[in-house]
Amino acid sequence: MNMNALSANGQAQARRAANSRAVDMGARAGFVARGVIYLLVGLLAARIAFAGGSGKQADRGGAIAEIAEQPFGKVLLWALGIALVGMALWRLSEALFGQAGPDGRDASKRAVAAGRFVFYSFVAYSVLSYAVGVQGSGSGSSDRRTADVTAKALGWTGGQWIVGIAGVVVVGAGLWIAFRAIARKYHKHLKTAEMTRRTRQAVDVVGVFGGAVRGGVFATAGGFAIAAAVQHEPGKAKGMDDTLRSFTQTPVGPWLLVLVAVGLAAFGLFSWANARYRKV
């Protein structure tokens, strides 16, 4: 057998592995895990709105710490981390072989999938590190990390431009996430034909509302990064926790944060809907 045949055979085997039942199950488990995290972040945000949060962080680290405090918390963290590994591997398969759908092999979509693979790999690593006792890896403050990274970047030549452009990119990403949710672009990724009318309506409620709120939170965080660049103050940049707390400083007080908290929880429910109906 020549090298071309061997290469073609290897690629075919890799593609079959990417389309395997195991990858399908890993992706769906990953959506369940993502839903758990967003539901907990929404719960923690609601606590902040009503009672100042009792020192809990309304971000991924806070959600991980919350899980660890529950009975069998370490077991739950292991399950969550392994599920997120499944999500990362699914995104890797999309980057290598394309997504489901007629335009799934577009270079831009594969590049986005590669970025998501890196992101979910990091999240899975942080959760599993916390599960084995390296608590700083999973539960560190997103606000402190954001401020540290911003301060370091601002110290570089052209650092203000770098931070400012990064902020603009995050704002753009947030607005794009919100637009896609409101326009219901997610329909093409779901098996809507398998849903009842009421199920489809419920998925649209949590998908549109949850996605719009999630995008709004991203855009707000990007706005703070732009402010940090313009004013050359690293402390102006905010992680997820401080971004959510900033909503309590609006004229409507904590009620805007309550709305955002419900929206983040709704996105968690939408993630669970993806676990059932997503085309993988």
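This is a predicted model: local features need pLDDT of at least 70, side-chain atom pairs count only at pLDDT 80 or more; totals for chains, interfaces and linings use all residues.
Local features are reported at pLDDT of at least 70 and side-chain atom pairs at pLDDT 80 or more, whereas totals for chains, interfaces and linings use all residues. Residues are numbered from 1 along each chain as its sequence is written, and side-chain values rest on heavy atoms, with hydrogens and water left out.

The chain contains 11 helices and 0 strands, where helices (H or I, at least four residues) and strands (E, at least two) are DSSP runs numbered from the N terminus. Of its 280 residues, 43% are buried; buried denotes under 20% relative accessible area, exposed over 50%, and partly exposed the range in between (1.4 Å probe, protein chains only). The accessible surface amounts to about 14,300 Å², with 65% belonging to carbon and sulfur atoms; areas were computed by the Shrake-Rupley method with a 1.4 Å probe, and for residues only the protein chains shown count as cover. Among contacts (heavy atoms within 4.5 Å) with a separation of 6 or more, 73% join residues 24 or more positions apart.

Helix α8 comprises residues 159-182. Its 24 residues reach 35 Å from first to last C-alpha, close to the 34 Å expected at 1.5 Å a residue, the expected span being 1.5 Å times one less than the number of residues. The buried residues of α8 are Gly159, Val163, Gly164, Gly167, Val171, Gly174, Ala178 and Ala181. An α-helix has 3.6 residues a turn, so residues three or four places apart point the same way. The buried residues of α8 pack against α7 (142-154) and α9 (197-231). Arg184, which follows α8, has a positive phi near 60°.

Asp241 lies in helix α10 (residues 240-246) and counts as buried because its relative accessibility is 6%. Its side chain makes a polar contact with that of Arg245 at 2.9 Å; such a contact is a pair of N or O atoms within 3.5 Å, in which, within protein, one must be able to donate a hydrogen and the other to accept it, and residues adjacent in sequence count only if both atoms are side-chain atoms. Leaving aside neighbours within four places in sequence, Asp241 is in contact with Ile48, Lys56, Gln57, Ala58, Asp59, Ser142 and Asp143.

Ser129, in helix α5 (residues 107-131), is likewise buried, with a relative accessible area of 8%. The C-alpha atoms of Ser129 and Gly81 are 8.9 Å apart, although 48 residues separate them in sequence. Trp272, found in helix α11 (residues 255-277), is partly exposed at 36% relative accessibility.
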